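Let's walk through how this fold is put together, starting from the inside. Have the model open as you read.

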Amino acid sequence: MIPKHDDARSWWRDAVIYQVYVRSFLDSTGDGVGDLAGVRAGLPYLKKLGVDGIWLSPFYPSPQHDHGYDVADYCDVDPVFGDITEFDRLTAAAHRLGIKILLDIVPNHCSSEHPYFREALAAPPDSPARARFHFADGRGPGGCEPPNNWHAMFGGPAWSRVTEADGNPGQWYLHMFTPEQPDWNWRAPEVAAHFDQVLRFWLDREVDGFRIDVAAGLFKHPGLPDSPDPEADARTRDSVNPLAWNQPEVHDVWRHWRAVCEEYTARDGRERLLVGEVSVPTAREHARYVRSDELHQAFFFDLLSAPWDADAFRKVISEAMKDIAGTGSTVTWVLNNHDQVRTVTRYGGAATEGSGLGAARARAAALLMLALPGAAYIYQGEELGLPEVVDLPDDVLTDPIFRRTGSRARIRDGCRVPLPWSGQASPFGFTSGADAAKLPWLPQPEWFAEHATERALADTNSFWHLYRDGLQLRSSLPQLGDGTLRWLDTQPGVLAFARGDGLVCAVNFGTAPTPAPVSGVPLLASGPCPPGVLAGSAAAWWITDITHD
């Protein structure tokens, strides 16, 4: 029996959160980069869509080597995005509309321009300043080789050598992403104390919680030994090195952060959320992060990475429901984010239009995700059916993966192109800047006109209306949201499950039309809806008033 929370404050259990990639959402200043005032201007649009909250990508002061995931100051706003007063306006405006605000916090690493790291560079070996990071002597003659064989996830060695105050080559420091992002050493008490201050700074500004970047990181194996597969992280673009990630001590950090959030909840009754980016090998390992005294939720990426196959989807959903929901938490479903190829393209659609097989599958997957028990996260542009922009020229690419490897494989710029809002040509209402040099920071293709927000709102058959209608039904039907599911017997290639009494979600993963697994009244369909038939090449129905044989 899955534990059921009856605490009315647990809004997060079945919340739908919209991920705002701030620099690509809406630009209010005309400089070609989205900002916090632009997010505030877009709140009525998000309210109309029907989301419960928004997660903001990092907007902190940063040299932007990794677009804000290299944080130089965790308690301020980078001028390119506004200032702290604008953040307060955004939070107040969101709360007036009933929209929660989640911040992206990056505790595994910081910017090489963070004051603590600059202090460490100026300090001698074995100093307290260097103890906040992973500094170590090199191997080989004169320490000329890195301390171990680890490779960074974004390519190249995970170590860089510093020049000491006397001008000679000195120690090495660890960076599991880029040299501009040194990893914190969480075994140093000062690091934990620093992040306590960060959490309280933003909680005092009324945020509703945090999305935690690289939540399985923070601690490294204390001996920093060689890895048997040193290039695994770079090869997979995932945190799979067991010596660098998922160390047991990390759970103590999340217990402490949970206690800090509970302290604020006790003051005013508003439950604050901790949701982690947790990349671990199995759902059972994932479940350890969402025990009752740790993170409230953690993204379940297995659905995102599953191939378009009914058996594969059923397997990952079943494992999540057994291992994660079994802890008393709820599963946090996701199909896209700022690091992944957009669903329309990933599922096989054309790269330059929203029609075709990929779009049909993306629509069906959206209905499936929104029907599952638990919470769901929507990446900006999913509701517009945006495909990946795959033909960006090399000279505009900004992803550090491209800079470090020279390869376009798995680069992330294509899913980060600024949103189209209106009109027939770039900048599609994203920015009001008249200077050509200040057009969107990544160029928008001409075919973005087909996906502009104003066009999507006017077309009742658009992705936007599918998402909006799905969210409205999800909030009004007691069968949806938190709870359980029951699998139904179906023909091969069809996935169907019941939610409560009288509601079924059915998805045809095959290419041929097939009879619907149950009879009833279609509430919502991802495409054309012949009576009693699931269309081929991807179709999804929500069916109610079921009659059983």
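## Around L56

L56 is in contact (heavy atoms within 4.5 Å) with V20, V22, V39, F87, L90, I101, L102, L103 and D104, leaving aside residues up to four places away in sequence. Keep in mind that this is a predicted model: local features need pLDDT of at least 70, side-chain atom pairs count only at pLDDT 80 or more, and totals for chains, interfaces and linings use all residues. Numbering starts from 1 along each chain as its sequence is written, and side-chain values use heavy atoms, with hydrogens and water left out.

## The cores

L56, along with Y18 and I317, has the most contacts inside the largest nonpolar core, which counts 172 residues. A core here is a set of buried Ala, Val, Leu, Ile, Met, Phe, Trp, Tyr and Cys residues joined through side-chain atoms within 4.5 Å; buried means under 20% relative accessible area (1.4 Å probe, protein chains only). The biggest giver is helix α12 (residues 357-371), with 10 residues. Another core, of 12 residues, lies apart and includes V494, A496, A516 and V518.

## The barrel

Helices (H or I, at least four residues) and strands (E, at least two) are DSSP runs, numbered from the N terminus. A barrel closes from 8 strands, in the order β1-β2-β3-β7-β8-β9-β10-β11, with parallel pairing (pairing takes at least two DSSP bridges).

## Helix α5

The buried residues of α5 include F195, L199 and W202, and its buried set packs against α2 (84-96), β3 (100-105), α3 (115-122), β7 (209-212) and α7 (250-268).

Key: Buried < 20%, exposed > 50% of the residue type's maximum accessible area, 1.4 Å probe, protein only.
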